[in-house]
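Please open the model in your viewer and show it as a cartoon. We will begin with the whole chain and then stop at a few places inside.

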Amino acid sequence: MQKINSLLIANRGEIAVRLAQTGKKLGIRTISVYSEADAASSHVKAANEAVLLSGNSSTVYTDGEQIVRIAKEKRVDAIIPGYGFLSENAEFARQVKDADIAWVGPSPEAIEAFGIKHVARDLAEKAGVPIVPGTKGLVDNEDDAVEAAQSLSFPVMLKATGGGGGMGLVTCSTAEEVKNGFETVKSRGQTLFKNAGVFIERYYPSSRHIEVQIFGNGQGEAIHFGERECSIQRRHQKVIEECPSPFVEKHEGMREKLGDAAVSLAKSIKYGSAGTIEYLVDDNTGDFFFLEMNTRLQVEHGITELCYNVDLVELMLKQADAELAGTGGMSVEELQALQPKGPNGAAIEARVYAENPLRNYAPSPGLLQEVEWKELEGSRIDTWVFTGSNVTPNYDPLIAKVMHHAPSRDRAIRGIHNLLSESRICGPPTNLEFLATIVTNQDFESGRTLTNFLDSFTFHASAIDVLSGGSYTLIQDLTGRPAVGKGIPHSGALDPVALSIGNMLVGNSRSTEGLEITLSGPELRFVGPAIIALCGADMDASIDGTPFPMWTRRRICAGQKLNIGKTTAGGCRSYLAVHGGFPSVATCFGSKSTSPVVNIGGYQGRCLAPGDLLAIAKILPDHLLHDVILPKHLRPSYTNNWEIMAMVGPHDEGYIDPQGIEMIYNTQWKVSHNASRSAIRLVGPIPKWARKDGGEGGAHPSNVVEYGYNRGAMNFTGDEPCIFSEDCPNFGGFISSTTVIRAEFWKLGQIRAGDMIRYRRVSLVDALVARGSLDEVLDAIENSLSEDKDLSSVSVKYPSAVESDDWGKSIISEREAKGNQPAIRYRQGGDDYLIVQYGFEQFDLNHRCRVSALESALRSTTTPTSIQTHLINTVGCCTTLTIFYNGFALSRFELVTHLQALEARLGDLSTTKVPCRRFRLPITFHSREQDEATARYMANQRPHAPYLPDNLAFVARNNALTSDQLKHIYLTQTFMAVVVGFFCGNTVSLPVDPRCRLSAPKMNPSRVFTPAGTVGWAGSCMSIYPVDSPGGYQMTGRTIPIFDLYGAKPGFAENRPWLFRDFDLLTYYEVDEEEMRDLLRKWKTGRWLWSWEEIEFDMEEHNRLLVETKEEVKVIRERQAAAQEEMNQAEEESLRRWREEKAKNKVDEATVEKLLDDSSILTVEAPVDANVWKVEVEEGKLVKPGQSVVVLEAMKLEIAVKAPNDATTGTTVVEKLLVMPGDTVKAGGKLALLRRT
């Protein structure tokens, strides 16, 4: 390059990536532009520099003035537009040239001339190129259009003269269709292209679309690089392209005719740069006619490059460079030397779209949870996506152009089929399988690829088309993600028994994924045949209107619809098992389960919704084609009054008074309507506490220093208990009591609002016996099914609730403190959890050091295989190590004995040096997003509180500091990460210097939205919010987010999407709000690089600091206590006033439950955790099916919750509103009750 040293790429997606590749190859500095929606696109990282376009994401790529302004600011030498957007905008080309910037493309005059279709026809005709019979110029009205169509003979095509990309076209076979189509085309032309002109051409049904790639030097010389066939189209847009054309290959001399005509046209207007002449070719006669000229790089240019070993983008840049140098363009000699004799082999391109071929190619935006391209010699994939990309609705849903080059067409077909069939894209529907089917079609293989190819092509898919998603339908498997931790929820089926049996019935392994259906189910259309079973709580299900039995294996035929209605008796969940599972659902951390609380796994991390498409098995085994019914004696029993076996919990000693413990077992607990996959809220008496407060853990006696949570535990958040379920956080600061045993977990999956439960206290031995009994039941069913035996003869029983006389204690072993070694307690957490606790609920980094050392020793290779094999996960916190293990396979005694031996080996760690990393993080103390979150909180949740409207000022006052003093602590102190997890790698840290330790209560209630990167304070710890999420920590600042689910950004990895490790050290430096915005933009685009260094933390030095500052710390704590007492009083008064305001409109739980027993009552439920923004109906008023009842606000989104569509018979009125604006609701929580009359 003589003049072009820098290049701005005025495009997005895969073409922008491709343009950047050539730019870099030539040593040109490349600059990409991007919209807010495209921040994570590959094209942003592909360039040397990236600039955000301001404005609406849908339109910013056509903002020529802004793009030219950016080019001037960056002092670029040239702008290249690719295709689409501004590539054929003559005015933009002129703006570029007027700014003394090289335009990499043809002249504005050429663009203008060929942009008007009827003018282009005239130019082609003058150059001696055959044109399609049509009108001379434009037609003015319907009558003229009909007259012209009749003179041309039907069928005809009406075309918008400014159109392109297959838009603005209507095919007509009658005069009436011409009349109707004329206004349509005229309107589209005006709307899409700002040109209402219409002309008419004869339409050739049996025709081909063949185009010639030309290149001109702008001085009257031009060459061509052969032809491409692009006949296979949907909605007049190309789907598959070939080079060379199989039709041309069979007709000697045709390539020369097509090429000569194309070159003649290019020379006639002194065309400069790359362009494409498109022809319509009559399949019967071989006659060809000019269609249009594309004055830009063509989408399918890659297959020409493969067959002719040329880089067309490089030629475009060379032409623009010559123009900028003042030579007018490439020399005649240089250009003519490039004229090839013919193609080398054959290449095929398939355009992969996020679209649903079964729904007329409807665009399907969404999250691509897995993108894996097959690697083959001769293949080329132009794409902008990767695992974790989001296909937005803002743009054309093209994902990639998949190409394969081979010595022959037959081999190219085999290659492209392998590429398409063995590549994997999981997420929204794509046309990948559709394309793979096309290239194995006999007509395609024989080269009979006409423009009407898809009209007669039948695509047989094996899939389930989701017509409606039901109230809460998720993909879940049996195993979940128990071993990941760090805030990745366990997930998995809430009722593992029902899913296991369903999978056995349909011939799957027990762990295969199925659909978890809560309360009311989806409507599903089976595009292909399937073998299914519906197991769990009884639901009103039917196939094409015929009742479908529960617990039954049955074959479903293609085209049948399965409608799963509401539960009809006890229990709340059923599982639809499908033979082969759902192969197109991505595996995330070893599981296909959905964790909706963090949008991880399953189908795009969410519930099923209309338009979703689930691929299923293509082949059904013959031995599974007959019905099998599971006898009633082998089905679990679902009730509304549950007895559940549970063990003594980890905090039953020392935290709850013995009377309080007895109360737990003597109470019949009621299940609140606030129950979710994370926790099942219970209604009942308040326990008697053994402590007056939580010490350093918090003000309430239920508060403790953070520890790893155990599933199945009764957890007290203040005075309110809940049972932790599969999606609970992995640590927290509230005590856990009575713990449901593993054999009874399936019951937790069936408990519903209004049910009653009573705990039956059992020992570890009882728990393991029950577990073995449950396994015997499942093994017996599985063995009988695999051997095709009569299930009625199977004689096994589910374990029944018993109560032991010797249930053991919470603390199963303990040791007093010895010198510098702290006291140790080993606390049981059900039959699969053990908690090792150091000290007495104090934030002491010596304890954290010991936890890390113990965790490391336990994970080391010196640990016996019998223990290693059955360790599932560990959660280390400041004073505890929670161990999750397979209690059925590993003796708790053996585990505790080994831990005690490790403890003896650890010895005194008070002088050790701990390897760690020290991070330097930016922080801003003012953030518009946090201000907006606070404003929404005050408007929609709680209007007044001591911490409102300024959280930072409140935390300062609560600790007898000024705001500036608090900021000084952030900017001068070091914080140690004491635990990473909760949800999505949330990092809780503690100031290393005890003089700078603070305390603050959480917001009550928690916010429904917290911006990612928020630095918050609650309890004694600082926390960094890794993602946009709900939260209760006081917002004191903002930094860079610390979680990247797919590990694509610097600092993360595919198997480690969280940033920090335990014992990492965090420091901050201040930036202003605008600087933080720039840094966050870098983060979003993957250009942010973390700053950290490897160091050692000296425990001896730290302990010396503790001794030296002991008295000073004591004075500080007294000062803080006085300030906190004042703040506590202010909070109590504010809470009292706020609760009185809310109590005026609160609905009694008993009233709700009584109404729920009424069969004429319909419920309106929250689809997600959210805040109530608006109530749009009134009690006693009529409501229509689908009418908006309540508007929720979640994560800055407004969600209209509508009346059920089954409210279609008779009239429906609002019986009772259960929420009001400002209320916080959980997913599945009831918002309103409607009465059907």
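For this tour, helices are DSSP runs of H or I with at least four residues, strands are runs of E with at least two, and both are numbered from the N terminus. Keep in mind that this is a predicted model.

**Stop 1: the whole chain**

Select everything. By that count, the chain holds 31 helices and 67 strands. Its radius of gyration is 34 Å, close to the 33 Å that the globule rule gives for 1237 residues, so the chain is as compact as a globular protein of that length. If you colour by burial, 60% of the 1237 residues count as buried.

**Stop 2: a pair of helices**

Next, select residues 142–152, which form helix α7, together with residues 175–193, which form helix α8. Two packed helices are described by the angle between their axes and the distance between the axes. Here the angle is about 135 degrees and the axes lie 9 Å apart. Angles over 145 degrees would count as roughly antiparallel and those from 65 to 115 as roughly perpendicular, so α7 is oblique to α8. The crossing of the two helices, α7 and α8, is right-handed.

Now show side chains where they meet. On the α7 side, pick E142, A145, V146, A149 and Q150; facing them in α8 are A175, V178, K179, F182 and E183. The residues of this contact between α7 and α8 divide into 6 nonpolar, 1 polar and 3 charged.

**Stop 3: T518**

Move on to strand β25, residues 514–518, and select T518. Is this residue buried or exposed? With a relative accessibility of 8%, T518 counts as buried, because the cut-off for buried is under 20%. To see what surrounds it, leave aside neighbours within four places in sequence and show the contacts of T518: S471, Y472, M539, C572 and R573.

**Stop 4: Y1046**

For the last stop, go to the loop between β58 (1034–1038) and β59 (1065–1070), where you will find Y1046. Draw a C-alpha to C-alpha distance from Y1046 to R1056: the two are 10 residues apart in sequence and 8.5 Å apart in space. Then display the contacts of Y1046 beyond its neighbours within four places in sequence, which are L367, Q369, T387, G388 and E1054.

Conventions
Residues numbered from 1 in each chain as written. Predicted model: local features only at pLDDT ≥ 70, side-chain atom pairs only at ≥ 80, totals over all residues. Heavy atoms only, no water. Axes fitted to C-alpha atoms, helices over the stretch in contact; angles between N-to-C directions. Parallel < 35°, antiparallel > 145°, perpendicular 65-115°, else oblique. Left-handed = near helix turned anticlockwise from the far one by under 90°. Contact = heavy atoms within 4.5 Å. Nonpolar A, V, L, I, M, F, W, Y, C, P; charged D, E, K, R; others polar. Rg over C-alpha atoms; globule rule 2.2 N^0.38 Å. Buried < 20%, exposed > 50% of the residue type's maximum accessible area, 1.4 Å probe, protein only.
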